[in-house]
Amino acid sequence: MIHLDAISFSYEKQPLFSGLTMHLQPGHIYGLLGANGVGKTTLLKLLAGLVFPKGGTCKVLEQEPRHRRPSLMSQLYFVADEPHLPHTTAARYADTYGVFYPNFDKSLYLEYLKEFQVPAEQVFSKLSFGQRKKVVISFALATQVPLVLMDEPTNGLDIPSKSTFRKLVAGAMTDERCIVISTHQVRDLDSLIDAVLILHQGKIVYNEDLNALAAEATAQPNLESLFQEVIQFH
Ligand SMILES: Nc1ncnc2c1ncn2[C@@H]1O[C@H](COP(=O)(O)OP(=O)(O)OP(=O)(O)O)[C@@H](O)[C@H]1O
């Protein structure tokens, strides 16, 4: 579904990615881990066609995201860390923006909002940061696109909402779908992700299926210690 080969990227002169290679398959929820400033947001933006690679090849659903063709944009959804929403209500937002996604399901969206206890008739400006974040997460899942990219989605959610988040994401998962979630808060993703990506010094240094790891180990892999070990080793 995602094929990045020998990607290089820099905002200014200092290279952020060089020789970055990453292949992601449908049917997985990937946790994207990495230290502050390593480029997690940038990598998600690259997949969403919001920034362009300087070199290498970037294919998402067999297209190059930098062209931002409607046929690709209607198949992926990027949940940004900071939700930017127009002056409208959650319910009306669905009527305006749902049309861009062929499989968008408004009743599912309203159901997700209810699970998150977000009032659908309230204007966004009167919602808190966490509530607006929940609107965007609900919308992303209700688009039913094959690829969902989420940047720090649990940032700003309270503890019960984090558990609702895990439940909704797990419930929305299918064999045809791929969800990539970046986070610092690895505990928030425990029991949700089934594959781990670690971004370090401009490259993906780790891309492993957690089920395969669990089958080899005697205990469930601990994401925090796994992350520390990988970083130390490289
Ligand atoms: N628009 C920009 N112009 C110039 N530099 C940028 C821009 N956006 C990000 N950077 C720099 O690129 C690097 C990677 O940023 P990015 O936000 O992708 O990292 P991150 O891993 O998501 O960080 P964090 O975990 O702190 O959210 C940082 O050093 C940042 O300062």
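The structure discussed here is a predicted model.

User: Which helix gives the largest share of the shell around the ligand?

Analyst: The ligand is surrounded by residues that include Tyr11, Leu16, Lys40, Thr41, Thr42 and His184. Helix α1 spans residues 40-48. With three residues, the largest share of the shell comes from helix α1.

User: How many residues of the shell around the ligand are polar?

Analyst: The surrounding residues include Gly34, Asn36, Gly37 and Gly39. By class, the shell holds three nonpolar residues and one charged residue, and the number of polar residues is seven.

User: Which strands are the edge strands of the open sheet?

Analyst: The three strands of the open sheet follow the order β2-β1-β4, with antiparallel pairing. Each edge strand pairs on one side only, and these strands are β2 (15-24) and β4 (55-60).

User: Which residue of β4 is the bridge partner of Ile2?

Analyst: Strand β1 covers residues 2-10 and pairs with β4 in the antiparallel sense over five bridges. In β4, the bridge partner of Ile2 is Val60.

User: Are α5 and α6 roughly parallel or roughly antiparallel to each other?

Analyst: Helix α5 (residues 129-143) packs with helix α6 (residues 159-172) at an angle of about 10°, their axes being 11 Å apart. The contact includes Ile137 and Leu141 of α5 and Phe165 and Leu168 of α6. Angles under 35 degrees count as roughly parallel. The two helices, α5 and α6, are therefore roughly parallel.

Technical notes
Residues numbered from 1 in each chain as written. Predicted model: local features only at pLDDT ≥ 70, side-chain atom pairs only at ≥ 80, totals over all residues. Near = placed C-beta within 6 Å. Helix = DSSP H or I, 4+ residues; strand = E, 2+ residues; numbered from the N terminus. Nonpolar A, V, L, I, M, F, W, Y, C, P; charged D, E, K, R; others polar. Pairing = 2+ DSSP bridges. Axes fitted to C-alpha atoms, helices over the stretch in contact; angles between N-to-C directions. Parallel < 35°, antiparallel > 145°, perpendicular 65-115°, else oblique. Contact = placed C-beta atoms within 7 Å.
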